Amino acid sequence: MAVNDYLLCIDIGANSIKAAEFSYSTEGEMLLEKFAFAEYGGAEGAFSDIIENSALEKIHSALEKILKENSFQSKKVNVSLSGHNAYIRFVKVPSMVNDEKKIKQIIEFEAKSAIPFDMSEVVWDSQLLNVADDNGEIEAMFVIVKSEEIERITALVESFGKQISLIEV
């Protein structure tokens with residue numbers, strides 16, 4: 001099977017890293033090939049503290065151990081970050097707003113007003129969770145992560161010769 005038929009998924013949690021490599025069968029099924037787990041800290045070593053204190057070496061060591069011991073084949077990586085690291089909020093949008101562009105503007109306004117950072121310092125996205133409920137409101141969620149944190153994790157993963165395809169919370 002060719003190298004591009006593999007996908008490595010790395011979950012950088014609050015105090016551990018999990019890595020799972022998947023391959024695709026000829027029928028298109030996703031098959032788990034390898035799984036690895038390494039802890040890098042307790043409550044005092046939570047992910048958000050590591051980023052803020054520039055103590056990225058704990059994550060680096062744990063990831064290095066996982067990658068060396070398991071010889072993952074995939075160069076392509078999907079990364080999942082701990083929710084501790086993100087600012088997640090739910091908002092309600094009046095259902096009388098039918099224009100998707102206006103809905104996005106309302107969500108962006110809510111996101112801008114909810115965070116203590118300038119929008120130029122963050123990466124954010126939103127998603128509609130459901131259509132109008134009994135109260136005539138649409139529920140949406142937005143997720144905000146500081147750009148600096150994304151850049152540090154990206155640089156860390158890429159330092160091992162991996163190429164990030166996706167980062168999610």
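A salt bridge is a side-chain nitrogen of Lys or Arg within 4 Å of a carboxyl oxygen of Asp or Glu. In this predicted model, arginine 152 forms such a bridge with glutamate 148, the closest N and O atoms being 2.6 Å apart. The count of salt bridges by this rule is four.

**Sheet and packed helices**

- Three strands form an open sheet in the order β5-β7-β6, and their pairing is antiparallel.
- The edges of this sheet are β5 (87-94) and β6 (122-130), each of which pairs on one side only.
- From one strand to the next, the twist averages 25°.
- Strand β7 (residues 137-146) runs antiparallel to β5, and eight bridges join the two; valine 93 stands opposite isoleucine 138 of β7.
- Helix α3 (residues 100-114) lies across β5, β6 and β7, at about 45° to β7.
- Helix α4 (residues 147-158) also packs on the sheet, where it touches β6 and β7, and its direction makes about 60° with that of β7.

- Strands β2 (residues 16-24) and β3 (residues 30-39) run antiparallel and are joined by nine bridges.
- Serine 23 is placed opposite leucine 31 of β3.
- Five residues lie between the two strands of the hairpin, and glycine 28 takes a positive phi near 90° there.

**Nonpolar cores**

- The largest nonpolar core comprises 27 residues, and those with the most contacts inside it are Ile10, Ile12, Ile17, Ile59, Val79 and Ile153.
- Two or more residues of this core come from each of β1 (6-12), β2, β3, α2 (57-70), β4 (76-81), β7 and α4.
- Helix α2 supplies the largest share of this core, namely five residues.
- Another core, of twelve residues, lies apart from the largest one and includes Val91, Ile103, Ile107 and Ile144.
- In soluble globular proteins, nonpolar side chains tend to be buried together.

**Helix α4**

- The twelve residues of α4 should span 16 Å at 1.5 Å a residue, and the end C-alpha atoms of α4 are 16 Å apart, which agrees.
- The buried residues of α4 are Ser147, Glu149, Ile150, Ile153, Thr154, Leu156 and Val157.
- Arginine 152 and glutamate 148, the salt-bridged pair of the opening, both lie in α4, four residues apart, about one turn of the helix.
- An α-helix has 3.6 residues a turn, so residues three or four places apart point the same way.
- Arginine 152 has a relative accessible area of 24% and is therefore partly exposed, the class that lies between under 20% for buried and over 50% for exposed.
- Glutamate 148, with a relative accessible area of 39%, is likewise partly exposed.

**Further charged pairs**

- Side chains of opposite charge can pair when their charged atoms come close.
- Lysine 18 and aspartate 11 meet through their side chains in a salt bridge of 3.0 Å, N to O.
- Lysine 18 is partly exposed, at a relative accessible area of 22%, and aspartate 11 is partly exposed at 25%.
- The side chains of glutamate 64 and lysine 68 form a salt bridge of 3.6 Å, N to O.
- Both glutamate 64 and lysine 68 belong to helix α2, where they are four residues apart, about one turn of the helix.
- Glutamate 64 is partly exposed, with a relative accessible area of 28%, whereas lysine 68 is exposed, with a relative accessible area of 63%.

Methods. Residues numbered from 1 in each chain as written. Predicted model: local features only at pLDDT ≥ 70, side-chain atom pairs only at ≥ 80, totals over all residues. Heavy atoms only, no water. Pairing = 2+ DSSP bridges. Axes fitted to C-alpha atoms, helices over the stretch in contact; angles between N-to-C directions. Contact = heavy atoms within 4.5 Å. Core = buried A, V, L, I, M, F, W, Y, C linked by side-chain atoms within 4.5 Å. Buried < 20%, exposed > 50% of the residue type's maximum accessible area, 1.4 Å probe, protein only. Expected span 1.5 Å × (residues − 1).
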